[in-house]
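Okay, thanks for coming, everyone.

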Amino acid sequence: MTTEELMNAKIACPETGIEIHKSICAICDPQHCGLDLYIKDGKIIKVEGNREHPNNEGSLCAKGASTRQYVYSERRLKTPMKRVGKRGEGKFQPISWEEAMDILVQKLNGCKEKYGPESVMFACGFSKFFRPYLKRLSLLFGSPNYFTEGGVCSTANTIAQKLVFGTGTGADTANAACILVWSRNPYYTGVGDGKGLTKAIERGAKLIVVDPRITPTTKKADIHLRLRPGTDGALALGMANVIIRENLIDREFVENYTHGYPQFKEYVMTFPPERAAQITGVSPDLICCAARMYARAKGAAIMASASPVVHHTNGVQNYRAIYSLAGLTGNFNRSGGQILALPCFMAPGLFENQCAEFDTPVTWEELPPRVGLERFPVWGDTADDDAQGMAIPDQILSGKPYPLKAILAFGFNYRMYPDPEKYLQSLLKLDFLAGTDLFMTDTLRYMDLILPACSSVERSELHFYGSHIMLSQPAIQPLYQSRSDSDIIIDLAQRLGLKDPLFDGGFDACVNYMLEPSGITADELRNYPNAMPVPENIMKFVPHEHFKSCGFHTPSGKLEFWSEVLAKYPNREGFDPLPVYREPKRSPLSTPDLYHEYDLVFDTGSRKPMLVHSRMYGLPWVNVMLPRGTTCDINPADAKARGINDGDRVRVSTPEGSIEVIAELTETSLPGVVHLFHGNRKADVNRLIPGGYCDPISGFPGFKSSLCRVEKVKEGKADE
Ligand SMILES: Nc1nc2c(c(=O)[nH]1)N[C@H]1C(S)=C(S)[C@@H](COP(=O)(O)OP(=O)(O)OC[C@H]3O[C@@H](n4cnc5c(=O)[nH]c(N)nc54)[C@H](O)[C@@H]3O)O[C@H]1N2
Ligand SMILES: Nc1nc2c(c(=O)[nH]1)N[C@H]1C(S)=C(S)[C@@H](COP(=O)(O)OP(=O)(O)OC[C@H]3O[C@@H](n4cnc5c(=O)[nH]c(N)nc54)[C@H](O)[C@@H]3O)O[C@H]1N2
Ligand SMILES: [Mo]
């Protein structure tokens, strides 16, 4: 081949000067995918999946394949900027990093002196890698108000698990004979879990999937339970009824290691499959079949999600009912059931590490109470991570129990919360707003100081992948004046005068500290561009049936069907010690009058393969896959009843407001339920969800069980 031919084919070789650099895609999935980036003259010219990477093993989705469009987007922030016009006017002046850091130090320390360190919030959205640094910064600064997207994602699941098991768990997909996928669709949302599921199916594991929609995951299921959104608890109780009545429980486990079984049994007896069927819409036969399949399997695992079950006003109790199934059948801390791992940042740890010590340098008790603890006290009992971001607007507006005055936000989008307008208006009451992002966003537009962050291919990130560890290396230099979020945090910590030896030692000192007990160092990890396998001699597993010697980390020391934590709050509605099923606060059954006017269940945010929240809108390749922009995915029968054809413009309304989008007629939507994706600033579904519409225990919003009306619109342009 001539050099020109080699160049045209983008072959990496000395003749072309093209080199392959290993990196990772951090556009979505917290586990992240390995990339082979073809670099010429410091620029990425081609992107492929890295075959040797433990998570994606070479595969790459539409988002990762769009890396060049994402990284080289016109919308990238180029320099730090300070606001010169009115807030929200969009007038900014480029400034140097030196000046930007001076402003930050002056404003943050100013607030600390005047109002106390707790008046400063350190926030972030879905991005994960810099969190240990940000949390350490917040806590060392003296503020308990480090908060993440965990106020609407994942934490409520952890809360439910801690109430039942006393700890978080994962599904032992590799060894399960039956996998109960409760509202997950990993073929769209998580490469590693999707591969694990496929392997399990290939080796003969049975698959039950609980999901109102038809998805690639439900298509592989032996049993698909298509329930009405938000009725998960009733379905789990119906299954529990079958398991108890048909004597499929693990008697030895229930008698010795659980708490509250008699009361639970009595409650469950009020949920025969016929009653569960009436509530959920799933047939009694299927409920019985699923219950038997799960309970009879030797090793049955529940693969649960961070979001759909808890995006309801009854999410924690519903999850408690679901996890109680593991309690009834003894599928806890046993092969093929719910398994335990050492704590580790964002992944099950398989070796001793100091991630928890790194990001919690002081205990919560040494600090003022986090935002949200008064309203959602179970956070304090079970969620030891962060403040509840859902409670921020009310505390800013009321100033109670103490004032909040400033926010430093990393990749934060106020539109991810319900009633985003209220969220924004409350933020505008603060004295100082600063944020980092890759792009100019609606949130940054209202800030006083903007800092440009770089992407994962321009920085170094520490990652754990179960049996592998990776310290990625920058494949290209940070574009323009952008910097890695972790570098910004470490630099700021030094300038704030926190006198922390780890921050003062820089990025490597932080990484080395987190890894210290393993004996692995940052330098050593750099020799493994495809991730380093955890050496066998340091591998540590939580042994099976550990509970027999150690008990459970619950108040009773047992697996709790009856929650002693919730029993502490007898006067709070919804805090029932048993996993009592309550209808979503808005539903065909709980609000029939409202349902008369708003006659479809409004389920928002079920993932699309080419979108991640707000991140991918507008990228050319994504536009090709989504020519209609945001769609209202509606069952053809529901559409027909409303005179709606595929491609028609429709108005989707709730009592809070309306948006106009394109109707997509699809059998994947259950009759009576419509699905819309979130994150689109032009057609923001969260404007249609009230701020206070949330779960009383976790504070999680009811993104997936409000009610709406859908009507054909004759004229005008869709909000897209
Ligand atoms: N492509 C892509 N991948 C992503 C993301 C993304 O935005 N795009 N986001 C990431 C994030 S932040 C998260 S939290 C995860 C979520 O990951 P997943 O939970 O796997 O994905 P979802 O599509 O949110 O929900 C899974 C399924 O739950 C169903 N569902 C909706 N309502 C209900 C309900 O009331 N009950 C039950 N049982 N099922 C219901 C939906 O129809 C959907 O098929 O994905 C991560 N990965
Ligand atoms: N209606 C509805 N709303 C939802 C959901 C739903 O299902 N339905 N899902 C909820 C869930 S589960 C989640 S997790 C949230 C997620 O919601 P968000 O966290 O808001 O997610 P994004 O919009 O993807 O990310 C926020 C910002 O981070 C920026 N960003 C990306 N990478 C980086 C980086 O490396 N550094 C920095 N500094 N910034 C970066 C992006 O450009 C973006 O502006 O949405 C929640 N909101
Ligand atoms: Mo999430």
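Let's begin with D41, which sits in the loop between β2 (33–40) and β3 (43–49). One thing before I go on: what you see is a predicted model. Back to D41: its phi is near 50°, which is a positive value in a residue other than glycine. Why bring that up? Most residues other than glycine have a negative phi. And is D41 buried or exposed? With a relative accessibility of 70%, D41 counts as exposed.

There's another residue of this kind further along the chain. H613 has phi near 45°, again positive and again not a glycine. You'll find H613 in the loop between β22 (600–604) and α26 (620–625). H613 has a relative accessible area of 21%, so we call it partly exposed.

While we're on the backbone, look at K400 and P401. The peptide bond joining K400 and P401 is cis, with omega about 0°. As a general point, most peptide bonds are trans. P401 belongs to the loop between α18 (392–398) and β15.

S119 is in the loop between α4 (97–115) and β6 (120–124). Its relative accessibility is 0%, so S119 counts as buried.

Next, a helix: α5, residues 131–141. How many of the residues of α5 are buried? Ten of its eleven, so the helix is mostly covered, given that buried means under 20% relative accessible area. Among the buried ones are R131, K135 and R136, along with L134, L137 and F141.

On to the aromatics. The structure holds 27 aromatic pairs. One of them is F264 with F561, which is stacked: the centres are 4.7 Å apart, with 5° between the planes. F264 is in helix α12 (residues 261–268) and F561 is in the loop between β21 (559–560) and α25 (592–597), so this pair ties together parts that are 297 residues apart in sequence. F264 and F561 are both buried.

Now take F412 and Y423. Their ring centres are 6.1 Å apart and the planes are at 50°, so that pair is tilted. F412 lies in the loop between β15 (406–410) and α19 (420–427), while Y423 is in helix α19 itself, so here the parts being tied together are eleven residues apart in sequence. F412 counts as buried because its relative accessibility is 4%. Y423 is buried too, with a relative accessible area of 3%.

There's also an aromatic cluster. F165, F253, Y257, Y319, Y323, F332, F547 and F552 form one cluster together.

That leaves the ligands, and I'll take ligand 1 to start. Which residues come nearest to ligand 1? Out of the 34 around it, those are D211, D232, S305, H312 and L611. A backbone N or O atom of G230 lies 2.9 Å from an oxygen atom of ligand 1, and one from R607 lies 2.7 Å from an oxygen atom of the ligand. On its own, ligand 1 has 910 Å² of accessible area, and the protein covers 97% of that. The shell around ligand 1 divides into 14 nonpolar, eleven polar and nine charged residues. Where does ligand 1 lie? Domain 3 (169–339) and domain 4 (592–712) both give residues to its shell, so ligand 1 lies between them.

And ligand 2? There are 32 residues around it, and F126, D437, S614, R615 and N686 come nearest. A polar backbone atom of F126 is 2.7 Å from an oxygen atom of ligand 2. From the side chains, S127 has a polar atom 3.2 Å from a nitrogen atom of the ligand, and R459 has an N or O atom 2.9 Å from an oxygen atom of ligand 2. Taken alone, ligand 2 exposes 900 Å², and the protein buries 98% of that. Its shell has eleven nonpolar, 14 polar and seven charged residues.

Key
Residues are numbered from 1 along each chain as its sequence is written. Chains are lettered from A and ligands numbered from 1 in the order in which they are written. This is a predicted model: local features need pLDDT of at least 70, side-chain atom pairs count only at pLDDT 80 or more; totals for chains, interfaces and linings use all residues. Side-chain values use heavy atoms; hydrogens and water are left out. A residue is near a molecule or strand if one of its heavy atoms lies within 4 Å of it. A polar contact is a pair of N or O atoms within 3.5 Å; within protein, one must be able to donate a hydrogen and the other to accept it, and residues adjacent in sequence count only if both atoms are side-chain atoms. Accessible areas come from the Shrake-Rupley method with a 1.4 Å probe; for residues, only the protein chains shown count as cover. Ala, Val, Leu, Ile, Met, Phe, Trp, Tyr, Cys and Pro count as nonpolar, Asp, Glu, Lys and Arg as charged, and the others, Gly among them, as polar. Rings of Phe, Tyr and Trp (its six-membered ring) pair if their centres lie within 6.5 Å; planes under 30 degrees apart count as stacked, over 60 as edge-to-face and the rest as tilted. Helices (H or I, at least four residues) and strands (E, at least two) are DSSP runs, numbered from the N terminus. Buried means under 20% relative accessible area, exposed over 50%, partly exposed in between (1.4 Å probe, protein chains only). Domain bounds come from an automatic or database domain assignment.
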